[in-house]
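Please look through it before reading on.

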Amino acid sequence: MKTKLITLRNASGFFRDGMTIMVGGFMGVGTPPRLVEALLDSGVRDLTLIANDTAFVDTGIGPLIVNGRVSKVIASHIGTNPETGRRMIAKEMEVQLVPQGTLIEQIRCGGAGLGGFLTPTGVGTVVEDGKQTLQLDGKTWLLERPLRADLALIRAHRADPLGNLTYQLSARNFNPLIALAADITLAEPDEMVATGELLPDHIVTPGAVIDHIVIPQESN
């Protein structure tokens, strides 16, 4: 079987200008730090980032915002990173704010191959602008379309060479669903274990959906 293990330098070969990239994490927790740093160091620009939030100026995906590498953000909130708000107001970057539950369901639909879903969230607000509505059983619903990306960057706790992943506590957050919703998924684990060491009941993300695993730093 062809190995899924790659170095951080190999991972940088997947980055290109204008990509749409999903990144796991909640205010930086669960965001793959080495992959984000490699993305920054690669010099690619004009990125569309899909993430729960933009973390802080110096953590998570915040440095990508600060260094002007992002042209559009799709997220549920940006309040913890003032640079995101500044760039949005200055029209240096487009920001699309999405209710958190809607955002993660859009990602889930993208990973499941569905055409979208109906939700009452946002009806009668700016969230409704430009979207199709339907009347069912006397209630108004918004049609929300799925989200997919060219590339997903996720963080795991443990990985085996087949790509099976476990997560640690709240760092699990959006990572498992993001792993399903991109053309290529790169996983950054904290540690590697031997094939068969992860108990089947403990595996959250199966290796079948992971394209490449970045070798942990101590293993390089």
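Q: Is Glu83 buried or exposed?
A: This is a predicted model, in which local features need pLDDT of at least 70, side-chain atom pairs count only at pLDDT 80 or more, and totals for chains, interfaces and linings use all residues. Residues are numbered from 1 along each chain as its sequence is written, and side-chain values use heavy atoms, with hydrogens and water left out. Buried means under 20% relative accessible area, exposed over 50% and partly exposed in between (1.4 Å probe, protein chains only). The relative accessible area of Glu83 is 16%, so Glu83 is buried.

Q: Which residue forms a salt bridge with Glu83 at 2.8 Å?
A: A salt bridge is a side-chain nitrogen of Lys or Arg within 4 Å of a carboxyl oxygen of Asp or Glu. With the closest N and O atoms 2.8 Å apart, the partner is Arg87.

Q: Is Arg87 buried or exposed?
A: Arg87 has a relative accessible area of 14%. That value is under 20%, so Arg87 is buried.

Q: What is the N to O distance between Arg86 and Glu83?
A: Both residues lie in helix α4 (residues 82-89), 3 residues apart. Arg86 is partly exposed, at 38% relative accessible area. Its side chain meets that of Glu83 in a salt bridge, N to O, at 2.9 Å.

Definitions and conventions: Helix = DSSP H or I, 4+ residues; strand = E, 2+ residues; numbered from the N terminus.
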